[in-house]
Every structure is written in C-alpha cells, then in structure tokens.
Amino acid sequence: MDTDIIKKNYSRLGASLIERLYSSDYLSIGGSVSTDLLADLAEITAESRVLDIGSGLGGPALRLAETRSCRITGLDLVETNVEEANRRAKTRGLDQRARFECGDATAMAFAPGTFDVVWGQDAWCHIPGKAGLIAACARVLATGGVIAFTDWVETGAMDPAKRAELHEATASTEMATLSSYCQLLEENGFSIVERADISATFVEQYRGVIARLEDFEAEITDQFGVKVYGIMMDKNGAILRGFEDGFMGGARIVATLGNGA
Ligand SMILES: C[S@@+](CC[C@H](N)C(=O)[O-])C[C@H]1O[C@@H](n2cnc3c(N)ncnc32)[C@H](O)[C@@H]1O
C-alpha cells in the first residue's frame with residue numbers, strides 16, 4: 001500500500017482543515033452523533049475494551065471514553081494524528097482510559113482476544129485488503145465480541161475513470177460494498193446485528209461540508225492561498241458528486257463474533 005497518500009492527506013495541515021470542515025475532534029462526517037448511535041448499537045459499557053482502527057485526532061475514542069467510561073486504544077497510521085489525540089486525551093483527563101498508538105491496520109500486532117469491541121468510523125475505506133482486515137478484527141476480538149463501524153462504500157456501478165477519480169478524491173485504494181462487508185463478516189464467524197445503508201444521510205452531511213467550505217473561502221485563501229482552496233473545492237466537489245450520483249455512499253454495520261460452535 002502507498003501509505004504516503006494517507007500521510008499526505010492527513011498531514012497536520014490536512015487533518016486540521018478536514019476537522020474544520022467536519023466537526024471538532026472529528027475527521028469523519030457523522031461526528032459525535034454517529035459515535036453515540038454506534039455505541040448504543042454496540043452496547044459499549046465501562047467494562048468494554050475497545051480498539052478504534054483509524055482513530056484520527058481521537059474524536060470517536062475520546063467521546064467513548066468520556067460518555068461510556070470504556071478503555072479504548074486508538075490505532076492510526078499517521079504519527080501527528082496520534083500525538084494530537086494523546087495530547088487531547090491528556091488535556092481532558094482521559095488519558096487513563098484512552099490511549100493512541102501509531103501503527104498500520106494491515107499489520108496489527110495485538111494478541112488474540114485482546115478486545116471486546118473493534119470500532120471504525122469512516123476510516124476503513126482507506127485500508128487495502130478488506131478480507132485481511134476483517135480476519136484481523138476477528139482475531140483480536142474476544143469470543144462474543146462486537147465489531148461496529150461506519151464506512152464509505154461503493155453503491156453503484158462505475159467505470160474505471162470514475163473509480164480512479166473517487167479514489168483520488170477520498171485517498172482510498174479500494175472501497176467495499178455493504179454486501180461485501182457483510183459477506184466477509186459472516187465468513188469470519190460474525191452474525192450481523194445491524195446493516196444499514198446511510199447514504200442519504202451522507203449526501204445531506206456532505207452538502208453541509210461544501211457550504212462550510214464556501215463560508216471559509218476568505219479565511220482559507222488568506223491563510224493558505226488560492227491554490228489550497230481550489231484543491232479543497234475540487235476534491236470535496238468530486239466527493240459530493242460521487243454521493244449525489246449514487247456511486248458511493250455510507251454503511252453502518254454491527255456484528256457479533258460467535259464462539260465457532
Ligand atoms: C476519515 S479519517 C477518520 C478518523 C476517525 N475515525 C474519526 O472519525 O475522526 C481516517 C483515519 O484512518 C487513518 N488510517 C488510514 N489508513 C490507515 C491504516 N492502514 N492503518 C491505520 N490507520 C489508518 C488515517 O490516518 C485517518 O486518521
């Protein structure tokens with residue numbers, strides 16, 4: 001995998017611009033509303049040991065540590081994201097429950113059965129090899145554990161040029177579909193509890209992102225120049241069109257790991 005694409009997209013500057021467009025602490029569009037909903041579905045409690053794969057600036061993990069009092073480990077490929085998430089955890093007195101480490105989800109080294117919940121919020125579209133990812137999630141989960149995630153997925157047929165355009169705009173190398181995720185989960189011993197197409201919500205949220213970007217035009221142009229603003233408009237415009245035209249959308253999935261019996 002070309003991890004440079006991810007490191008560039010989520011550089012300190014990139015992440016701070018995305019956070020500005022999305023919501024405080026978050027590099028995903030659903031923000032804390034999406035976290036709370038997913039946490040209810042996953043039944044996260046103070047006893048839960050949670051792994052957040054692709055933890056960003058710590059938005060979901062800090063929210064879960066604060067509202068559910070769970071212990072959570074965030075894993076992220078980008079060092080500056082990890083530093084910032086740990087800094088925010090410390091500042092808010094959450095560092096005993098939420099800690100963040102740098103690592104690649106394609107090579108997770110956690111011992112088998114370490115976690116009760118594996119969590120992802122709009123991060124796994126960046127991770128190549130979904131079969132390997134879901135198998136690794138099953139491995140690090142304890143029996144009866146829960147996998148709970150939202151993600152950007154393909155929702156419609158597209159030609160290679162459109163796919164390449166969307167991959168570039170989203171810094172992704174491959175996207176699953178709702179069905180392909182569910183199939184992989186079942187092949188790895190999970191039972192599906194929730195499979196929701198949340199594409200309509202994504203379209204609305206992304207219209208809000210574009211409106212905020214337009215509101216920030218003067219500020220972004222002053223601070224970073226016309227070129228940066230133009231790149232942001234191009235990328236985010238391509239993403240909105242991808243959602244509006246039905247090529248990609250959102251999925252929310254929750255599943256429990258059986259005992260193999
Ligand atoms: C869209 S952001 C979402 C961050 C966070 N889940 C949130 O909701 O704010 C995706 C995150 O996944 C991370 N990421 C991408 N590829 C990764 C990989 N192979 N292993 C670990 N993290 C990865 C990125 O660095 C980025 O922080």
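**Terms and their grounds**

Me: Which residues does Ala89 touch, not counting residues up to four places away in sequence?

Reply: Ala89 touches Gly58, Leu62, Leu94, Asp95, Ala98 and Arg99. Two residues are in contact if their C-beta atoms, placed from the backbone, lie within 7 Å. The model is a predicted one, in which local features need pLDDT of at least 70 and side-chain atom pairs count only at pLDDT 80 or more, while totals for chains, interfaces and linings use all residues. Numbering starts from 1 along each chain as its sequence is written.

Me: Why is Ala89 called buried?

Reply: A residue is buried if 20 or more other C-beta atoms lie within 10 Å of its own, exposed if 12 or fewer, and partly exposed in between, with C-beta atoms placed from the backbone. Ala89 has 23 other C-beta atoms within 10 Å and is therefore buried. Ala89 belongs to helix α5, residues 79–91; helices (H or I, at least four residues) and strands (E, at least two) are DSSP runs, numbered from the N terminus.

Me: What makes α4 largely enclosed by the rest of the structure?

Reply: Eight of the ten residues of α4 are buried, and therefore the helix is largely enclosed by the rest of the structure. The buried residues are Gly59, Pro60, Ala61, Leu62, Arg63, Leu64, Ala65 and Arg68. They pack against α3, β1, β2 (71–76), α5, β3 (98–102) and β4 (115–121). Just after α4, Ser69 takes a positive phi of about 60°.

Me: Why is α3 called oblique to α4?

Reply: Helix α3 (residues 31–42) packs on helix α4 (residues 59–68) at an angle of about 55°, and their axes are 10 Å apart. The pair is therefore oblique. Angles under 35 degrees count as roughly parallel, over 145 as roughly antiparallel, 65 to 115 as roughly perpendicular and the rest as oblique. Axes are lines fitted to C-alpha atoms, for helices over the stretch in contact, and angles run from 0 to 180 degrees between N-to-C directions.

Me: Which residues make the contact of α3 with α4?

Reply: Ser32, Thr35 and Ala39 of α3 meet Pro60, Arg63, Leu64 and Arg68 of α4. These divide into three nonpolar, two polar and two charged. Ala, Val, Leu, Ile, Met, Phe, Trp, Tyr, Cys and Pro count as nonpolar, Asp, Glu, Lys and Arg as charged, and the others, Gly among them, as polar.

Me: What makes α9 roughly antiparallel to α11?

Reply: The axes of helix α9 (residues 199–215) and helix α11 (residues 226–244) come within 9 Å and cross at roughly 155°. That angle is the reason why α9 is roughly antiparallel to α11. The residues of their contact divide into eleven nonpolar, two polar and two charged.

Me: Why is α7 called oblique to α11?

Reply: Helix α7 (residues 160–170) and α11 pack at an angle of about 125°, with their axes 9 Å apart. The description oblique therefore applies to α7 and α11. Their contact is made by Glu165, Leu166, Ala169 and Thr170 of α7 and by Lys235, Ala238, Ile239 and Gly242 of α11.

Me: How do you know that Asp25 counts as buried, and that Glu43 counts as partly exposed?

Reply: Asp25 has 20 C-beta neighbours inside 10 Å and therefore counts as buried. Glu43 has 15 C-beta neighbours inside 10 Å, so Glu43 counts as partly exposed. Asp25 is found in the loop between α2 (12–21) and α3, and Glu43 in the loop between α3 and β1 (49–53).

Me: What is the phi of Asp25, and what is the phi of Glu43?

Reply: Most residues other than glycine have a negative phi. Asp25, although not a glycine, has a positive phi of about 80°. Glu43 is likewise a residue other than glycine, and its phi is positive, near 55°.

Me: Which residues have the most contacts inside the largest nonpolar core?

Reply: They are Val50, Val117, Val118, Ile147 and Ala148, in a core of 74 residues. Strand β5 (residues 141–154) gives the most to this core, with seven residues. A nonpolar core is a set of buried Ala, Val, Leu, Ile, Met, Phe, Trp, Tyr and Cys residues joined through C-beta atoms within 7 Å. Leaving aside neighbours within four places in sequence, Ile147 is in contact with Val118, Cys137, Leu141, Leu185, Phe190 and Ala255.
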